[in-house]
There are 2 protein chains.
Amino acid sequence: MATATDNSLEKRQQIAIQLRRWILQITTNAGSGHATSSLSAVELMAELLFGGHFRFDVHHPDAPNNDQLIFSKGHASPLYYALWTAAGQVDRQRLENYRQFGSLLEGHPTSRFPLTEAATGSLGQGLSVGVGLALAAKMDQLDYRTFVLLGDSEMAEGSQWEAIQIAAQYRLNNLVGVIDVNRLGQRGETMYGADLHQYQKKVEAFGWQTVVVGDGHDFAELSEAYHRAAASAEQPTMLIAGTTKGKGVPFLEDEEGWHGKALDDDQMHAALEEVGQGDPNIRGELTAPNDRHPLTVLPADAEQLEYRLGEEVATRTAYGEAIKRLAPQYPEMVALDAEVSNSTRAKFFADSYPNRFFEMFIAEQNMVGAAVGLGQRGKIPFVSTFAAFLTRAFDQIRMARYSDANVKFVGSHCGVSIGADGPSQMGLEDIAMFRSVQESVVLYPSDAVSTQRLVEAMMNHHGISYLRTTRGETPVIYACDEQFEIGGCKVLRRSDRDRYTLIAAGITLHEALAAHSILLEEGITVRVIDLYSIKPLDHATIRKAADATEVLFTIEDHVPEGGIGEAVLTSLSDHRTPVRCLAVRKRPLSGASERLLDDQGLSAEKIVAAVKAVADSN
Amino acid sequence: MATATDNSLEKRQQIAIQLRRWILQITTNAGSGHATSSLSAVELMAELLFGGHFRFDVHHPDAPNNDQLIFSKGHASPLYYALWTAAGQVDRQRLENYRQFGSLLEGHPTSRFPLTEAATGSLGQGLSVGVGLALAAKMDQLDYRTFVLLGDSEMAEGSQWEAIQIAAQYRLNNLVGVIDVNRLGQRGETMYGADLHQYQKKVEAFGWQTVVVGDGHDFAELSEAYHRAAASAEQPTMLIAGTTKGKGVPFLEDEEGWHGKALDDDQMHAALEEVGQGDPNIRGELTAPNDRHPLTVLPADAEQLEYRLGEEVATRTAYGEAIKRLAPQYPEMVALDAEVSNSTRAKFFADSYPNRFFEMFIAEQNMVGAAVGLGQRGKIPFVSTFAAFLTRAFDQIRMARYSDANVKFVGSHCGVSIGADGPSQMGLEDIAMFRSVQESVVLYPSDAVSTQRLVEAMMNHHGISYLRTTRGETPVIYACDEQFEIGGCKVLRRSDRDRYTLIAAGITLHEALAAHSILLEEGITVRVIDLYSIKPLDHATIRKAADATEVLFTIEDHVPEGGIGEAVLTSLSDHRTPVRCLAVRKRPLSGASERLLDDQGLSAEKIVAAVKAVADSN
């Protein structure tokens, strides 16, 4: 049973003073940082941690039932680090390195600071990650709670309202948001200024319990508010607290022009005078959580693969079959989809494992944030929607990398080959987007067997990975025992007489294979490579092909920028063999799949023509 | 003065029947398309256009005071095209080409259909474009109104709530949303099913007038609702209409499993029986608008450029100075910013031209959509925020291309060189993102003069363009009369003895210039190119450098994927000179700007080392 702390009101007040001192000192020491945005939230966080509300085992920071804290307003990092210092989790000498090169205490929290579950700093993302943490608690029957500190400015982000609606939908009474309404944004007053009611009515309309805290610097009022949050039976709770930016330092209080600015030395000393005498050795006690662990589900064997060579199976279908097949083997695997699970085929999994599937409705940003949160609690989240619509969440995907997140993305309906639905539905920039995320893995299978194997590979990979699937059916070209690994490729056609190399993946691989046959009849022998792993790339095999043949052709159902062609060029930046990049270079239209591929020069016939044009010119 | 139409109730009912017949016929003819999602909105749109509410000069579809109609639920394109057919704007023979290759009637509306102001199909975007159209009306003192048909599923997108909050903030009483609450999404029931109150309370909490229409198929109820919308003095109005998916065909009505499906021939004939006898020649009359035109503001001369060579000016500052300087010359130019105008320097313009500046708060998706709308009405919108946060709106940027939008994006704080704020604030993927947008222009100036000139070039370019600006100060290296053009570059250091070429832009250009000097002292002569236009690229100059020197080095404060290096590689895919790509390859940290550049191998010293390593190995 959790035991209450005995931090008296006086002690909490003392802690608040010391938090303010640290905030001022470390930002001045760094010469930058958000002092005033931190000062406004001091009591909000001091009461949370040291008022007995936040349950955290200070001796086991990784204990599975520890409450979770996310600073969605990541620019309040001075408070964040000061808070954890007061909680005894950070050596106070370390505070001096705030924002210095190499310090774990970065300008905005990232996963390099060990207690960070969600890297923030791009606003409006923390609550979504909190949704994921809260969903994980429900799944694991743990009673930890997740608290998210929110800025008032960032409530303008649509992603907040996606998170708010989903949290209500899933009845996440274990999720508590705290809006620090300090009235001032970066460049002046926020949309609603100090009007707490504006936030209250909106959040309430979206189905949350709201608790308005008129004076967000009053410990008693805050204590009462946190108790009300704890008592919520079915709803998430939003504390909406009126605060003063720069609180505690009269010449900063509620003043414009101080956002994101550190004080100079003289100003800091004057400010410290105002804040009062502190005690750098003061440490607050935290309430310990109940000692609980998630139920361990033992893995079972997955069913064997069963596809016949030549069988027509869309890779999106194989994806759905893969996550369903592998579900027993990976009990922590979960799937999220944005109301298109019948198209992405995540439905196959959802129908068999409804408790491990999350319908996130058409709100891709929050879906990605929630997946990050689920991944941080040990789940293995697969996130699927149309490849085109993953662009909606690029900022969340980008940020996930700084959370060291473990999320598997699956984009269906890639390329012009989707056909008549037209360009809005075509994923044509997704390879470029996912390649640009550092350390990411980008996979693009061409048949059902490789899809299944690559899903397994993703399951066992920690980090950001992306699988690109195709809408239309393609024949199975690999035997079920074929092995695939991240960073590999397959040379499917090879001879000693190869003059050219065709490098393709997904739908265009089948066009390349057909082109191979046509060219063979005409006496031109080409090598064909299935580049199923676009990042990392099998440099060695590509270079070997460049050594052995006269020209390489890359063929992709994607724009040329940032795609397969440019990836291959990086492998050959010091190689003399020329590369020709066939890609989607014209504005795509509606129409039949084959017609659209042909229109973009990606059909077997057009590949043949491109090869022959080179052959004729030699 | 506008005159009312005389389409009787009976006539509107007859039109509705014919709309349903066309919807069923063209989807069956195409073999795909969203029949049931179109059927639910027939009366909503028939009453709007033919009940005297929508003012449109059928003889002048481009008349500036015509009301605007956006189908945010772009999948209801069968209804969209049928509606404009009934309005006499489409030859009905053309309907037969729906979704065929080359047809202007694509699967989802794009700008190829002349009446389309906003390409849709990625959900949750139409209302933002509507905000832009409505803002343009206010600016131009035109009394046209903008109507946006919304699906219930897409209300889950956060971007909707961004648009809703901003529309209320700007008191856009000339904006009317119509939510077609047909209960069913693609894969089953939506989050709120048929509960109209859920939409009402939320939209109302966000400050709109709401009108609930219990039966969205009842012309009288709809007429009353549109009249209430027209009477709103200060608020935008949302019609929340309960409808039946598949309405008019009993075996489709409110049934799951029919989303996005066309009927087969037999089913279609049965459905047409149910719908009743139509008249393909029926045409509804539209009310004409008042004949008004926007006030013409005559352009005035812009001030001359005044920068001294060597003067330290951040390119973000030069951007702010550029839009302010050019404002008199381009009266249609407007600027939008996401609450960081003091950082992006859009503030310089905002302070001088407050009526042409739109504070869009921290809601990037809606900001981009609104800019698209403003551009469609002849404004020249500049959209600025941190480069990193433009990733938030990738889907909107991608879709803008299909609207033939004219929007100028400006991303500040690019690269690791921003320093201590850390990776969340660093634009490291922005070049890759913007390059991947077809027909886009990507510019990256290194000093104040080139920034000013490139802003001018963007002003005169129609389409999607992007300018990347730097946080820190850099010296002016160009004289004020230097000319810059989209697709060009500058060779800044050249000799007959150049062994290597350094290609850089922005902050790294200055490192490259410093490296040039160091290398020169050591007897190694290098060519230096300022690649200020990353897309399109000056292939000829790059190839000339490749002809003249042994190795090219690209140096960029951006990830390697999709960046400057890969762009240059495409110019040299058949060239034998090797290219070495220096880029941000490690996880960036917080720290001082110079330290971070050095850590990534992008400082002058590291460039020198890279060149010498190559020189030594030869």
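Predicted model: local features only at pLDDT ≥ 70, side-chain atom pairs only at ≥ 80, totals over all residues.
1. The largest cavity holds about 100 Å³ of space. Its lining is made up of 15 residues, and the ones nearest the centre are L572(A), S573(A), H575(A), L572(B) and H575(B).

2. Next comes the second largest cavity, at about 90 Å³. It is lined by 13 residues, with D152(A), M155(A), A156(A), M191(A) and Y192(A) closest to its centre. Here the lining of the second largest cavity comes out as seven nonpolar, three polar and three charged residues. If you go through the whole structure, you'll find seven cavities of 30 Å³ or more. As a reminder, rolling a probe the size of a water molecule over the atoms is what shows where empty space is left.

3. How are the two chains related? Two copies of a chain are, in general, related by a rotation about an axis and a shift along it.

4. Now the interface itself. Chain B puts 103 residues into the contact and chain A puts in 102. The size of an interface is often quoted as the accessible area lost when the parts come together. Between chain B and chain A the buried area is about 8600 Å², with 51% of that from carbon and sulfur atoms. Which residues of chain B lose the most area to chain A? They are F101(B), R392(B) and R587(B), together accounting for 11% of what that side buries.

5. A word on annotation. The unreviewed UniProt entry gives residues 313-476 of chain A as "domain: Transketolase-like pyrimidine-binding". In the model, that span of chain A is 39% helix and 21% strand, and its end C-alpha atoms lie 7 Å apart.

6. Some backbone details are worth checking by eye. Most peptide bonds are trans, and most residues other than glycine have a negative phi. Against that background, the bond from K535(A) to P536(A) is cis, with omega near -5°. P536(A) sits in the loop between β17 (533-535) and α19 (539-548) of chain A. In chain B, K535(B) and P536(B) are likewise joined by a cis peptide bond, with omega about -5°, and P536(B) lies in the loop between β17 (533-535) and α19 (539-548) of that chain.

7. Q141(A) is not a glycine, yet its phi is positive, at about 50°. To find Q141(A), look in the loop between α5 (126-140) and β2 (146-151) of chain A.

Conventions
Residues numbered from 1 in each chain as written. Chains lettered and ligands numbered in written order. Heavy atoms only, no water. 1 Å grid on protein atoms, 1.4 Å probe; cavity = no way out; pocket = protein on both sides within 12 Å on 5 of 7 lines; lining within 4 Å. Points joined across faces, edges and corners; volume = space filled by probe spheres on them. Nonpolar A, V, L, I, M, F, W, Y, C, P; charged D, E, K, R; others polar. UniProt positions renumbered as here; feature names shortened; annotations may be inferred. Helix = DSSP H or I, 4+ residues; strand = E, 2+ residues; numbered from the N terminus. Contact = heavy atoms within 4.5 Å. Buried area = accessible area lost by both parts, 1.4 Å probe.
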